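I opened my notebook to record what I looked up in this structure. My entries follow the model itself.

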Amino acid sequence: MTTPVCTSASNAAAPVTQTLPYPSFSSYMRARQPVLLRTARSLTGNPNDAEDLLQTALAKTYVAWERIEDHRALDGYVRRALLNTRTSQWRKRKVDEFACGELPEPDPVSAADDPAEQQALRDAMWRAIMRLPARQRAMVVLRYYEDLSEVQTAEVLGVSVGTVKSAVSRALGKLRDDAELGLVRS
């Protein structure tokens, strides 16, 4: 024998209506929300934070609804909840600044550590490499950008190792003498 889910047929046929435990709270909230939201905005200065603050204060008011004796003073109660909640949020915030005896001075940024300077040097280097003859450019790119050995570079290009050494040496000499690279390095 199974246990019936519904104990009576009349209960199963009746439509389920959900009633709010505090219908006057919902009517109060709908009527006073714009005014209370303005108050919350004046406390936070940010519309999104104000909505969160008001929602938290109204949730606290909803929980205490039965304990509030004078419903004519609801605005004062909610405003107090807004203020107390905002004060609690303010106290809980993380403070990253601390008072100290002497002011810390930032370390000077060297050109080697500056990302803009590094990018300018890379751009100037690439422009200088593009000005090299095609054969020297290919050898420099394979040796230093692709990180191949002299033997591997010679095999890829089909030349002798000595040709790679001499061509790369001449290319590096041209790069050392390049005027644009001299300006960027200075």
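**Entry 1: a salt bridge**

I looked up R127 and found its side chain meeting that of E180 in a salt bridge, 2.4 Å from N to O. A salt bridge here is a side-chain nitrogen of Lys or Arg within 4 Å of a carboxyl oxygen of Asp or Glu. This pair links distant parts of the chain: R127 is in helix α5 and E180 in helix α9 (residues 179-185), 53 residues apart. Helices are DSSP runs (H or I, at least four residues), numbered from the N terminus.

I must note the ground rules. This is a predicted model, where local features need pLDDT of at least 70, side-chain atom pairs count only at pLDDT 80 or more, and totals for chains, interfaces and linings use all residues. Residues are numbered from 1 along each chain as its sequence is written, and side-chain values use heavy atoms, with hydrogens and water left out.

**Entry 2: the network**

How many salt bridges does a search of the whole structure find? I noted four. R131 and D178 form one by their side chains, at 2.8 Å from N to O. R131 lies in the loop between α5 and α6 and D178 in the loop between α8 (161-177) and α9, so the pair ties together parts 47 residues apart in sequence. The side chains of E180 and R131 also meet in a salt bridge, at 3.2 Å from N to O. R127, R131, D178 and E180 are linked in a network of salt bridges.

Is D178 buried or partly exposed? I noted D178 as buried, because its relative accessibility is 14%. Buried means under 20% relative accessible area, exposed over 50%, and partly exposed in between (1.4 Å probe, protein chains only). R131 counts as partly exposed at 47%.

**Entry 3: T44**

Next I checked T44, in helix α2 (residues 23-44). T44 is buried, with a relative accessible area of 16%. Its side chain reaches the backbone nitrogen of A50 at 3.5 Å. Not counting residues up to four places away in sequence, T44 touches D49, A50, L53 and R86. A contact means heavy atoms within 4.5 Å.

**Entry 4: confidence**

I ended with pLDDT, the predictor's confidence in each residue, from 0 to 100. The protein's mean is 81, and 80% of its residues reach 70 or more. Where does pLDDT stay under 50? I found that stretch at residues 3-22, for which the model has six contacts beyond four places in sequence.

Note on methods
Helices (H or I, at least four residues) and strands (E, at least two) are DSSP runs, numbered from the N terminus. A polar contact is a pair of N or O atoms within 3.5 Å; within protein, one must be able to donate a hydrogen and the other to accept it, and residues adjacent in sequence count only if both atoms are side-chain atoms.
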